[in-house]
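Thank you all for making time this morning. Please bring the structure up on your screens, and I will walk through a few parts of it.

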Amino acid sequence: MTEYEPVIGLEIHVQLATKTKMFCGCELVFGDPPNTHTCQVCLGMPGTLPVVNAEAIRLGLMIGAAFGGKLAERLVFHRKSYFYPDLPKGYQISQFDEPLVDGGRLGDVGLERVHVEEDAAKLTHAGASGRIGGSTSSVVDYNRGGTPLAEIVTLPEIRSAEQASSWLRLLRETLRQLGVSDVNMEEGSLRCDANISIRPVGDTGLGTKTELKNMNSFRFIEQGINAEVARQISLVRAGERVQQETLHFDPRTGSITSLRSKEGSHDYRYFPEPDMPPVAVPKELLESALASVPELPLERAERFRTELGLHEESARLLAFRRALGDYFEATLAAAGDDADKQQVANWIGNDLVRRLEALRRDDDASDDESSTDPAASKVTPQALAELVALVGAKTINRKAGEQVLDVLVAEGGSPAAIVEDKGLAAVGGADELRPVVQAALDANPDVVEKLRTGNMKPIGAIVGAVMKETKGRADGGEVTRLTREILGL
Amino acid sequence: MTDPTSLSVVEAASALRRGDLSQDELFGAYRERAAADDTNSFTWLADDLQAGLGDRDAAPGTDRPLAGVPLAVKDLFCVTGVPTASASNLLRGYLPPYTATAIARLQDAGATVLGKTNQDEFAMGSSNENSAFGPVLNPWDRTKVPGGSSGGSAAAVAAGLAPAAIGTDTGGSVRQPAALCGVVGLKPTYGSVSRYGMIAFASSLDQAGPITRNVEDAAALFRAMTGPADPNDMTSIGWTGNSPEIDLPTAERLDGVRIGVPTELLGEGIEPGVRASFDAALATAESLGATIVEVALPHARHALSAYYLLAPAEASSNLARFDGVRYGNRADIGQGGLVELYTKTRHDGFGPEVKRRIMLGTYALSSGFYDAYYRRAQQVRTKIVEDFAAVHQEVDLIATPTSPTVAWGLGERTDDPIAMYQADVTTLPQSLAGVPAISIPCGLSDGLPVGLQLSGAAFSEQAILDAAHALELAFAFDGSPARGADSGSVRDGSATASGVAELGAPDPTGKDAA
């Protein structure tokens, strides 16, 4: 039987984090009462004209610069016409043949283009389906209408639903760290459509694609793409053809329904926006955009790996969450050049994050990653650096270190003081530990006998006895060393 | 004392400043004349002087050169709280929440809005017969059209119902009605006056301009309307002429002025009477010292075709917002759905010419036709721009008749859109080129006014106004017969049945701004 592979391209709409709308001065606020942030321009009242928001262009250029795309030298807008109540002018001001950004790449996926446009208003359909078909009435909130959007279009280089969602996570984090958008999928500031086709493995052509609209979570994106790929494969295996159409995925039922076929598709009648003659991108705007692009997750991970010697996994974990990466670097700065960087990474990436996430779960069910920002916790980078140093110098063992971290997360403070206060210092020096080991050997002659024959397995019993005696403050390695020394092994 | 309505804008402003005349007296005199109007020029009249001022002060001052001057304003200009319908049933009763920049600047200069004037619906027409408020009658002969689309503005000035009016010109809509009504009309350089608040017909062509009794008044009003670029209009460039601002013209001679006459625009279709008047005007110009030369605008003969693709294309998009959802009049669709709402609202709201142009424009922009129509027309437009630029290397001004004919009979061309479109053949090239042009009356043919059009390079308004002023003095055209009580024939009652009755009584079912 022929094996098929999916060919997937994504179109992502990102609301840009400007203070005001794309073509008027209305404030952008999510969640305010409907139709409280509107004016004659964004309501498309007679005689009004658009004036482009320079900040939106700057943010769009930042996206292009971050992805290494070719930045347009002039701004050209087009009108995209269709009738719908969420579109007050009967056309959307968008870009067509001269996008703001041409090409580019992020990670394993190349980009076709990035263009800027205005968002439509928000429609709410009363009725069971929540969609216009079968609704009893519909209401429009024009607060969202005219929000600046960047539309990011990838090349059809994605080969699985999992790759799509993991790339989208990278995109979201990159945009978040760029500071160009809130990238909140629930609030709709990041929305994703997928163009999906299949082809026999080994083929290089492109099959007929369908467009799956508006999947508003990573899980739905995976589910939706998988469902559509499966649908296309079973169609083709049944000897039928995939029709070019726009589809809607219902995550509640897992079903895919057609919104419109190719025949029913719009003729958008694009033409150059006569209210906005082409203008050169101002030099200062371009320079400001280029200067505003920070180090991005992929670059940072690469630096953590090559310059600091972190494992791939640690490097990505810390780089892909900016707050963690920043905290990591602050801790390194406090720890000095001799610190074991991988150890610092482990303590932050594993121990600290786990504890902060546990705290958050107790607090509320919020999905907001800022609530696990270590910089907002009671553990200062200095304290963490000190803790890692104490463990590294074997002043305390790792287990005691974890106890110290528990206290730091709960109450803050200084690791040295906590060690002192709780009596956690390792029974470290040979002088202190030797009598305890000697006593343990004396108390376990059968074990000693086995050890002398070269069977080191039962040494655990000696270590356990010492730990019991020292209340866990001894270093296991040191106990083993002393045992060998005493027995002359 | 003299009748205050006999004074020009500049004279009236001066009399008001001196205190020879009170602002209320002047306003009242025009209000009374306008209320008794039998040409159907107005769609709305202000109750008093303050109502047309916005929240402004009209006290005379150096920064208010037009203090107390009442103006007739074309219906398509948005004025806060004043019925603004662009002569469409779809917008009948609509009250804008803001005022157009051009009008606001005139109010800043102290002018007050006397009333809104009739026009072709959404400025689409050359005879003012495409109006939801009924046709306007030409004050020179009430069986004739006043031209369009700013027909109400031109007729109001010609009939002495206002000292001056503000119109808009997309393909000739200020110049042609000015010519047919024997008054002065200036279409400024595209971008010199803000379009913000003008209900758009064709964005890349629309431009506001004054319609006045004389050239000096056109300069005075244009000076107030232009100025710095408008931050609300990205196509606005503001005044960038040689002088910091427009001076009132005083020239009496044309020595050293080179005037080009494009043979392409003087072919078939120019009436003999118009041609005779035009030739006499050229002779007068020569006698004042001008040099007349033949020039070539080789692509001008394609202007009509290009214009009637580009303007409808833009219009089809500009008028898409009139869907009955947020403002304007919404059709009653009973239990119908969204498509019925759109279809019936637009079917009932738009007149036939507007529908024709929406269909033309939609077709021209459609997938598969764009390259053959819209793109081709843009290429023609570029050629025309180049033609004008080349000609202005040789000459200062270009002269043509403003209209190939004098005013024609009401209803004469309403069944023949092509004949109607031909009326614009001499004004369209300048519109596509974006250059300034003026029409001044230069004589009579069969007792009806003939207009002379003078155009120049972009931002050459001062030169145009100076030359027009010198010619105006020499022509000594007497516009007064139009203002006489017994001029022309009796008004055709049926033609204005839906007109004057509408004054101050907008459709009670009309919805206000959202």
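This is a predicted model: local features need pLDDT of at least 70, side-chain atom pairs count only at pLDDT 80 or more; totals for chains, interfaces and linings use all residues.

Residues are numbered from 1 along each chain as its sequence is written, and chains are lettered from A and ligands numbered from 1 in the order in which they are written.

Strand S14, residues 245-250 of chain A, pairs with S15(A) in the antiparallel sense over six bridges, where pairing asks that DSSP find at least two bridges between two strands. Helices (H or I, at least four residues) and strands (E, at least two) are DSSP runs, numbered from the N terminus. The hairpin of these two strands has four residues between them, and A:Gly254 takes a positive phi near 75° there.

How many of the seven residues of S15(A) are buried? The count is zero, and this strand, residues 255-261, is hardly covered. By buried I mean that 20 or more other C-beta atoms, placed from the backbone, lie within 10 Å of the residue's own, whereas exposed means 12 or fewer and partly exposed is in between.

Turning to chain A as a whole, it has 15 helices and 17 strands. Its radius of gyration is 30 Å, well over the 23 Å that the globule rule gives for 489 residues, so chain A is more spread out than a compact globule; the radius is taken over C-alpha atoms, and the rule is 2.2 Å times the number of residues to the power 0.38. The C-alpha trace spans about 95 × 60 × 45 Å along its principal axes, and buried residues make up 40% of the 489 in the chain.

Finally, the contact between the chains takes 36 residues from chain B and 24 residues from chain A, two residues being in contact if their C-beta atoms, placed from the backbone, lie within 7 Å. On the side of chain B that touches chain A, helices H8 (303-318) and H10 (352-365) each supply at least two residues, and the largest share, three residues, comes from H8(B).
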